[in-house]
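Morning, everyone. Please look at the model on the screen while I talk.

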Amino acid sequence: MTARSTRCTTAAKTRTSRLAAVAAIAVAGSMLLTACGDQTEGGSAEGTSPSQKPASNAPLFSKLPADIQKSGVIKVGTDASYAPMEFTEGGKIVGVDPDIAQALSKQLGVKLEFVSGTFDGLITSIYTGRQDLIMSSMTDNKKRQEGLDDSGKKIGKGIDFVDYFSSGVSLLVKKGNPQGINSLDDLCGKTVAVQRGTIYEDTFKAQAAKCGDKKLTIQAFDTDAEAQTRVKAGGAVADLNDYPVAAYIAKTSGGGNDFEVVGSQSDVGLFGIGVSKDKPQLRDAIKEALDAIIKDGSYAEVLKKWDVEDSAVKSATVNAGK
């Protein structure tokens, strides 16, 4: 699939496929510092106050690790600049992922507190223990599972994924498509913009190799919002995003007058909730909670709310990304 590898909205962000990588953004409740150093205010996926004890009678509370049962909190790293998946609105982190997290919290009996930082620092935040989970439209792929960089070099132990969302990637161009872009092959000899560290950047790099002497120039930015701004200003001909994100940006940015989605979806893949390989008990509890909300219909309600029903998965899987 794609994904954030990265993502965003015009006010804030993009991502890898997420293969990869959308409107402005950041999140809800109380926030923590992410591993990459960025901070924004964060929030809980559940409306309980810090003074309240975790709901130990929740169906899956006993499945959680003892330290999380004791704290009543699961810390979640995200890049809240990727509407409609995760973005900041009214000082709170909102979107598909926070709403799914809220549904999960009802099964688990603990709060899921989101902390926003740059996308390319999220896996490091799991390695260092700053965060317990990643929910940031991150594409589940073997490279991330095994802790490999773009060249195949081992740079970490890797992380596990509980897969919860399916999506392909699409090209986002300036309204009216002045350069006549309809596929990746149309990008040869041109300049594109993308969020750094996403699978989308990887997709553009692969296309650049195919273009050969007809050079494809890639401009990578910390956020997808910056990449979008570059396209809007005419400095790049296209950005790459997961389809739900690209469609949301095209619909909302500038009242629908800034961008349009072109071509067909490609690289359909899975978004996963990232978990440390050292925390299999937490991983399995999240998987069981996801299956529970799929079964009770609350998962479907979230996707319907954000008009992304086509990206539903039928059941939770672990490390099913390629």
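Y82 stands opposite E86 in β6. Keep in mind that this is a predicted model.

Now widen the view. The open sheet has 3 strands, ordered β5-β6-β7, with antiparallel pairing. Which strands stand at the edges? They are β5 (81-82) and β7 (92-94). Each has a single partner strand, so one side of each has no neighbour in the sheet.

Next, the loop between β5 and β6. P84 is found there. The peptide bond from A83 to P84 is cis, with omega near 5°. Why point that out? Because most peptide bonds are trans, and most residues other than glycine have a negative phi.

S137 is not a glycine, yet its phi is positive, about 50°. Find S137 in the loop between β9 (133-134) and α4 (142-146). D307 is not a glycine either, and its phi is positive too, about 60°. D307 lies in the loop between α9 and β15 (317-318).

Are these residues buried or exposed? S137 is buried, at 0% relative accessible area. D307 counts as exposed, at 61% relative accessibility.

Last, the helices. The axes of α2 (residues 96-108) and α9 (residues 298-305) come within 10 Å and cross at roughly 160°. That makes α2 roughly antiparallel to α9. The crossing is right-handed. On α2, the contact uses V96, D99, I100 and A103. On α9, S298, Y299, V302, L303 and K305 take part. By type, the contact residues divide into 6 nonpolar, 1 polar and 2 charged.

Key:
Residues numbered from 1 in each chain as written. Predicted model: local features only at pLDDT ≥ 70, side-chain atom pairs only at ≥ 80, totals over all residues. Heavy atoms only, no water. Axes fitted to C-alpha atoms, helices over the stretch in contact; angles between N-to-C directions. Helix = DSSP H or I, 4+ residues; strand = E, 2+ residues; numbered from the N terminus. Parallel < 35°, antiparallel > 145°, perpendicular 65-115°, else oblique. Left-handed = near helix turned anticlockwise from the far one by under 90°. Contact = heavy atoms within 4.5 Å. Nonpolar A, V, L, I, M, F, W, Y, C, P; charged D, E, K, R; others polar. Pairing = 2+ DSSP bridges. Buried < 20%, exposed > 50% of the residue type's maximum accessible area, 1.4 Å probe, protein only.
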